[in-house]
Amino acid sequence: LADLLPRFYDVTEGEILLDGVNIQQYRLSDLRNLMGIVTQEPVLFNDTVFNNIAFGMHRPVTQEEVEEAAKIANAHQFITQLENGYHTPIGDRGCKLSGGERQRLTIARAVLKNPPILILDEATSSLDSASEKLVQDALFRLMQNRTSVVIAHRLSTIQHADEILVLQKGQVIERGTHTQLLGKQGVYKQLVDLKAF
């Protein structure tokens, strides 16, 4: 579902509208420039911390901009403790970093891009609880004042959303706020009660 928004796939039926305009009417590069994506598996390159955060920017960025993005993403502190700070190579796919550190770098990249639309696809599901708290705080900061599409199993990630859609076997079976869905006594309420999030 999340891959349909940046048009990694196109819909075969119906349409997706962005501000009332079918997304297929946007130039692909323009559409994707509107979006920041943070996935379960961080996409990182065998390069420096700085270049990984600045990746995808269509203009030169300063050290100060990258550091500010890292601070918002709760990454600045661990970066400054690396051997060469922001100029430390992180290895293939970020193998020299922990899972939480890799995730915070991709969040810093999204912060730097400052997109009007943010897609979070299971962004905290593979983290330990200590890393999850830092990443969760960074994500909440990142989601401020922008449209965010959040795909998650964990209640803490979605409970403050303006609208929650509960999907089952590819179908929307419930929709509403956290409070509304709890009141419906449906699948969402059962999942909350089971702590399946």
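Author: Let us begin with exposure: a residue is called buried when its relative accessible area is under 20%, exposed when it is over 50%, and partly exposed in between, with a 1.4 Å probe and protein chains only as cover. This is a predicted model, in which local features need pLDDT of at least 70 and side-chain atom pairs count only at pLDDT 80 or more, whereas totals for chains, interfaces and linings use all residues. Residues are numbered from 1 along each chain as its sequence is written, and side-chain values use heavy atoms, with hydrogens and water left out.

Reader: What does Asp47 touch, leaving out residues up to four places away in sequence?

Author: Contact means heavy atoms within 4.5 Å, and by that rule Asp47 touches Asn52, Thr88, Pro89 and Ile90. Of these, Ile90 is 43 residues from Asp47 in sequence, while their C-alpha atoms are 6.1 Å apart in space.

Reader: What makes Leu31 count as buried?

Author: Leu31 has 0% relative accessibility, and so it counts as buried. Leu31 lies in helix H1 (residues 28-33), and it touches Leu5, Pro6, Arg7, Leu18, Ile23 and Tyr26, not counting residues up to four places away in sequence. Arg93, by comparison, is 62 residues from Leu31 in sequence and 26 Å from it in space, C-alpha to C-alpha.

Reader: Why is Val111 put in the buried class, and what does Val111 touch?

Author: The relative accessibility of Val111 is 14%, and therefore Val111 counts as buried. Val111 is found in helix H5, and, residues up to four places away in sequence aside, it touches Ala69, Ile72 and Leu142.

Reader: Which residues of helix H3 are buried, and how do you know on which side of H3 they lie?

Author: In H3, which covers residues 63-72, the residues Val66, Ala69 and Ala70 are buried. They cover an arc of only 100 degrees around the axis, so they are on the same side of H3; the arc is that of the directions from the helix axis to the C-beta atoms. These buried residues pack against helix H2 (49-54), helix H4 (76-80) and H5.

Reader: Is Gln185 buried or exposed, and how do you know?

Author: Gln185 has a relative accessible area of 55%, and therefore it is exposed. Gln185 lies in the loop between helix H8 (178-183) and helix H9 (187-194), and its phi is near 55 degrees, a positive value in a residue other than glycine.

Reader: Where is Asn114, and what is its phi?

Author: Asn114 is found in the loop between helix H5 (99-113) and strand E4 (117-121), and it has a positive phi of about 55 degrees although it is not a glycine.

Reader: How do you know that the radius of gyration of the whole chain agrees with that of a compact globule?

Author: The radius of gyration is taken over C-alpha atoms, and the globule rule is 2.2 Å times the number of residues to the power 0.38. For 197 residues a compact globule would have a value near 16 Å, and the chain has 18 Å, which agrees. The C-alpha trace spans about 55 × 40 × 30 Å along its principal axes, and the secondary structure comes to nine helices and seven strands.

Reader: How many of the residues are buried, as a percentage, and which share of the contacts links residues 24 or more positions apart?

Author: Buried residues make up 39% of the 197 residues in the chain. Among the contacts with a separation of 6 or more, 60% are between residues 24 or more positions apart.

Notes
Helices (H or I, at least four residues) and strands (E, at least two) are DSSP runs, numbered from the N terminus.
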